[in-house]
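Please read the following walk through a two-chain model with the structure open beside the text. The paragraphs move from one site to the next.

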Amino acid sequence: MAGDKVEVRISRDLYEKAREFIEETGGFKSVDELVEFLLQEVLSGEEEAGLTQEDEEKVKERLRSLGYL
Amino acid sequence: MVSRPHGGRLVDRVVRGRRRERLLEEALELPRVELDAGLASDVANIAHGVYSPLEGFLVQEDYESVLYDMRLSSDIPWTIPIVLDVDPSQVAGVREGDDLALFYNGRPLALMRVEEVYGWDRGEYAERVFKTRDPRHPGVRKVMARRELLVGGPVDLLAEPPEPFEAVRLWPKETRVLFEARGWRTIAAFQTRNVPHTGHEYVQKAALTFVDGLFINPLVGWKKPGDYRDEVIVEAYKALIKHYYPRDSVVFSVLRMEMRYAGPREAIHHAIVRKNFGATHFIVGRDHAGVGSYYGPYEAWDLFREFPDLGITPLFVREAFYCRKCGQMVNEKICPHPEEYRVRISGTRLREMIKRGEKPPEYMMRPEVAEVVLSHPNPFIEEGEAQG
Ligand SMILES: [Zn+2]
């Protein structure tokens, strides 16, 4: 799996805070895991917001053709 | 803002483009399970996000959690188990991690990754979901006839099941864009399996008075004998909306999903589904999704109170009736007059009049709606008739 990973640099302050957070909450094994989780959350959130411009245009086209718009 | 999908993300498991072509070919080589119309619509509903956050048919842990706690194992509210039943012979030799091809009408509809095959107790299902094992209950009868094993796992939709009401069928992705485009921030959804009478219109308009838009979303698909035919419901609503609703404050589209007649549990399910379509409010009337006298008239309201985290606001509206003293449609909460002034709009009475070919009085049904229903040679589903 190591081959699938890349390094990311974050500020030491933030890193220390993240380590404390992990110790207190116990839900994550490492800062790497926490960062990966948070990034995934944010990115999948963006995905949820949606459709690409193109998809949305396609949807609107159908709505127009059916008389909904 | 339209509602956030249930579980946070609108599921999309519709396979497109080259991958679809490739998987359609692969499907022909896989072990096959032929689906009935109800299961085919479940697969499409999963893939198009109607059942978000479900990505497939329930695995055992989720099934039991839904059955006993009315929540998925992730603690997200979910009240009706969405399950795929098979005969042992259909999954002989199929192992976890294998793919199954789900067929409908002899053609590949979807692929399913098998996560688990497990047994279930249909009587227990009936007891929990319908609160009865009485075989006269149409939902119980249907469940007891299902097959011995359940298969859980995600599905990928390869082809759309046929939809005769395509021109008035919208998926959640589409209603969400539509509501946004209309600038609606609050949307009240109305579930129905009926031709609209004046009582329904009253309830819808009472809700619409306080929200930006009304989303009328009747179910098409299997219903019990004596219920209205799908095409009658659709045409009746078109007539009602055309003559009595402001065009820009209502969206009408159908949802292909079977009625289960599970009363309170199904009311929650109906609300979750409409949340995925983007509705912020859900109208819950008297005896929602009920049948016979298996559920109390306002039992569904109590169940909603157990789900503060549902993410869609129920609008509890009492049954409407005409009051001769008030001179209008009212409900118990706003009319102080005794029973002798009240004229109840009974769905059963209406059906009887229609069966006799009689035009119902205008305080019960709009003439334009009555005309549509009466002009149909046989507006009701008959006993023993396969529908949908
Ligand atoms: Zn009154």
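Ser253(B) has a relative accessibility of 0%, so this residue counts as buried, the cut-off being under 20%. In this predicted model, Ser253(B) sits in the loop between strand S10 (250-252) and S11 of chain B. Apart from neighbours within four places in sequence, Ser253(B) is in contact with Val168(B), Leu170(B), Phe215(B), Ile216(B), Asn217(B) and Pro218(B), and also with Tyr68(A) from the other chain. Arg286(B) lies 33 residues from Ser253(B) in sequence, and their C-alpha atoms are 22 Å apart in space.

Two salt bridges cross the interface of chain A and chain B. Arg62(A) forms a salt bridge with Glu174(B), with 3.0 Å between the closest N and O atoms. Six residue pairs are in polar contact across the interface of chain A and chain B, both residues having pLDDT 80 or more.

Within chain B, helix H2 (residues 37-47) is mostly covered, with ten of its eleven residues buried. The buried residues of H2(B) run from Gly38(B), Leu39(B), Ala40(B), Ser41(B) and Asp42(B) to Val43(B), Ala44(B), Asn45(B), Ile46(B) and Ala47(B). Their cover includes several strands of chain B, among them strand S4 (99-104), strand S5 (107-113), strand S7 (149-157) and strand S11 (255-256). At the N-terminal end, Asp36(B) caps H2(B), with a side-chain oxygen 3.2 Å from the backbone nitrogen of Gly38(B). Just after H2(B), Gly49(B) takes a positive phi of about 85 degrees.

The next site is the metal. The zinc ion has four protein donors, Cys323(B) (SG), Cys326(B) (SG), Cys335(B) (SG) and His337(B) (ND1), which lie 2.1 to 2.3 Å from the ion. Along the chain, the donors of the zinc ion follow the spacing C-x2-C-x8-C-x1-H. The arrangement is tetrahedral because the angles between the four donor atoms around the zinc ion run from 102 to 119 degrees, within the limits of 85 and 135 degrees. For four tetrahedral donors the ideal angle is 109.5 degrees.

Salt bridges remain. Side chains of opposite charge can pair when their charged atoms come close. The count over all chains comes to 36 salt bridges. One of them joins Arg16(B) and Asp12(B) at 3.3 Å, N to O; Arg16(B) is partly exposed at 44% relative accessible area, and Asp12(B) is partly exposed at 42%. Another pairs Glu127(B) with Arg133(B) at 2.8 Å, where Glu127(B) is partly exposed at 36% relative accessibility and Arg133(B) is partly exposed at 45%. The side chains of Glu339(B) and Arg344(B) meet at 3.0 Å, with relative accessibilities of 46% for Glu339(B) and 29% for Arg344(B). Salt bridges with shared partners also link Arg62(A), Glu163(B), Glu166(B), Arg169(B), Glu174(B) and Arg256(B) into one network.

Key. Residues are numbered from 1 along each chain as its sequence is written. Chains are lettered from A and ligands numbered from 1 in the order in which they are written. This is a predicted model: local features need pLDDT of at least 70, side-chain atom pairs count only at pLDDT 80 or more; totals for chains, interfaces and linings use all residues. Side-chain values use heavy atoms; hydrogens and water are left out. Donors are N, O and S atoms within 2.8 Å of the metal (3.2 Å for Na, K and Ca); water is not among the atoms, so sites may look incomplete. Four donors count as tetrahedral if all angles lie between 85 and 135 degrees; four count as square planar and six as octahedral if opposite donors are over 155 degrees apart and all others between 65 and 115; anything else is irregular. A salt bridge is a side-chain nitrogen of Lys or Arg within 4 Å of a carboxyl oxygen of Asp or Glu. A polar contact is a pair of N or O atoms within 3.5 Å; within protein, one must be able to donate a hydrogen and the other to accept it, and residues adjacent in sequence count only if both atoms are side-chain atoms. Buried means under 20% relative accessible area, exposed over 50%, partly exposed in between (1.4 Å probe, protein chains only). Helices (H or I, at least four residues) and strands (E, at least two) are DSSP runs, numbered from the N terminus. Contact means heavy atoms within 4.5 Å.
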